[in-house]
Amino acid sequence: MNRILDIENFKLSFYGSHGRVPAVRGVNLYVEAGETLALVGESGCGKTALCRSILGLHRSHAKVEDGSITLSGLKVTEMTDRQMEKVRGKQAAMIFQDPMTSLNPTFSIGSQIRDAILLHEDISKAGAKAKTVELLKMVEIPQAEERYRQYPHHFSGGMRQRAAIAIALACNPALIIADEPTTALDIKTQNEIMGLLKRICREQGKAMLFVTHDLGLAEKLADRTAVMKEGLIIEQGETAEIFSNPKEEYTKKLLGYVAYGKGTSHYHGRRHGQAEESGTSRIYEREPAVIIENLKKSFPLGKKNFRPVLKGFNLTIEKGEIVGLVGPSGCGKSTLARCIMGIYKPEGGTITIADGLKKQMIFQDSASAFNPRMKLWEIIAEPAEIEALNKHRKLKKTELYNMAAEAADSCGLEKELLDRYPYDVSGGQRQRAAIARALITSPDFIIADEPISSLDVPVQSQIIHLLKKLHDERNLTMLIISHDITMVEHVSDRVLYIDE
């Protein structure tokens with residue numbers, strides 16, 4: 001068969017204040033036309049570093065030390081950045097884990113997809129627009145004609161991810177690199193989108209490199225699977241063989257997490273098996289932390305049309321409880337969180353916050369929430385610095401660094417990563433930094449908007465247990481928003497299911 005991607009003995013290291021840090025240590029990998037290869041492994045093992053190398057997306061501090069990457073017969077490791085501009089999008093396209101990193105906030109969604117088509121194809125603007133609308137429909141964005149004119153901030157996290165997938169498909173690339181493309185999507189939508197991508201690859205002879213921590217999805221979709229650990233491919237082969245007869249102990253450990261939270265594990269919450277609907281009364285009769293009554297919020301679709309998202313939402317959160325909020329992408333979960341935090345102004349209803357309640361939020365897209373010019377420790381420490389300044393006190397740099405290091409350690413983020421920038425770490429490491437940032441000021445109330453969506457299952461388990469541990473130790477109040485029902489139910493005192 002025709003090999004679209006061929007990687008031979010590839011080695012990549014990062015250089016910074018801690019010296020040389022190997023990221024990829026000698027990888028051999030290939031993907032053939034019409035084939036889907038799943039690349040699995042825990043957060044930080046080098047999956048994303050390898051994928052970005054295929055398109056030459058690393059900064060100057062990343063050095064290729066050995067080996068080669070060949071894409072459709074082109075040795076991309078020997079190309080200049082100018083030469084790579086003709087390769088990106090046309091020969092290979094990447095669906096990024098955090099869609100806000102690949103979407104320009106100053107341009108409409110439609111124009112970004114249209115411009116990608118115009119850059120690589122001989123087509124009129126009208127033709128490119130028509131193709132864009134079809135792509136938006138293909139990835140199941142509702143009201144595609146109206147959504148064409150909207151900007152990324154008008155889209156939910158799941159819809160932004162679908163738009164990013166449409167951009168990747170726009171120029172008919174030979175290779176699709178899908179780096180955790182479904183973390184922001186509910187299970188139904190992720191199955192539909194990944195099924196669509198696999199069908200396109202098979203029917204059109206494209207290759208797909210599917211990077212994921214969802215081993216169940218990999219088993220369902222991938223023809224072959226490669227397991228990565230500490231920068232090395234330790235096992236690869238036919239997916240059915242890898243899952244039924246793994247050779248390496250590390251692979252066996254990963255596969256042990258496939259059923260985690262699917263009814264086979266333990267449970268921490270107080271109301272296991274009971275689901276509450278929106279509008280329920282208080283169940284513990286404690287002092288309320290947040291009371292939401294008849295909340296309404298809509299977003300514009302063009303000049304005259306509006307899309308209602310919250311249509312009279314009611315919820316009371318008691319002090320000290322964990323409430324899980326579950327629903328499909330686009331149902332209004334993140335909109336609710338932003339209304340509570342005062343980021344969005346609702347059009348109706350009231351939100352009452354208990355006096356003196358200190359609240360913090362863990363955002364879904366950590367990459368878009370972080371300043372790319374700040375190091376991780378500076379990002380984590382920033383809320384503490386602002387809080388001190390508001391009290392007319394200036395903290396020393398060493399104090400801030402030590403506070404950041406302590407918060408990072410509590411979230412399982414290695415100290416040697418603190419001097420890196422957000423684009424230098426994996427999505428999972430970046431999300432742990434986001435959690436550390438939320439914890440550093442010792443808040444009373446935490447809103448966690450998809451806090452584990454970008455993490456592999458072992459780390460999901462660690463983080464969800466960490467949130468529960470912090471809740472118990474500090475008597476925190478939490479609203480955990482997710483489309484992952486099993487993980488939310490695992491620690492929540494009660495769960496609310498909302499629909500569109």
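**Figure 1. Contacts across the whole protein chain.** Take the contacts (heavy atoms within 4.5 Å) between residues at least 6 apart in sequence: 72% of them join residues at least 24 apart. This is a predicted model, so local features need pLDDT of at least 70 and side-chain atom pairs count only at pLDDT 80 or more, while totals for chains, interfaces and linings use all residues. Residues are numbered from 1 along each chain as its sequence is written, and side-chain values use heavy atoms, with hydrogens and water left out. The chain comes to 17 helices and 19 strands; these are DSSP runs, with helices being H or I of at least four residues and strands E of at least two, numbered from the N terminus. Of the 500 residues, 55% count as buried, where buried means under 20% relative accessible area, exposed over 50%, and partly exposed in between (1.4 Å probe, protein chains only).

**Figure 2. Helix α3 and what covers it.** Which residues of α3 (residues 109-120) are buried? They are Ile109, Gly110, Ser111, Gln112, Ile113, Ala116 and Ile117. Their cover includes α4 (125-138), α5 (144-147) and α6 (157-169).

**Figure 3. Aspartate 179 and its neighbours.** Look for aspartate 179 in strand β7 (residues 175-179). With 2% relative accessibility, aspartate 179 counts as buried. Leaving aside residues up to four places away in sequence, aspartate 179 touches Thr48, Met94, Ile95, Phe96, Gln97 and Val211. With threonine 48 there is a side-chain to side-chain polar contact at 3.0 Å. A polar contact here is a pair of N or O atoms within 3.5 Å; within protein, one must be able to donate a hydrogen and the other to accept it, and residues adjacent in sequence count only if both atoms are side-chain atoms. Glutamate 192 is 13 residues from aspartate 179 along the chain, and their C-alpha atoms are separated by 17 Å.

**Figure 4. Serine 72, a loop residue with positive phi.** Most residues other than glycine have a negative phi. Serine 72 has a positive phi, near 50°. You'll find serine 72 in the loop between β4 (62-71) and β5 (74-75).

**Figure 5. Glutamate 450, a buried loop residue.** Phi of glutamate 450 is positive too, near 55°. This glutamate 450 view shows the loop between β17 (445-449) and α16 (457-474). Glutamate 450 has a relative accessible area of 4%, so it counts as buried.
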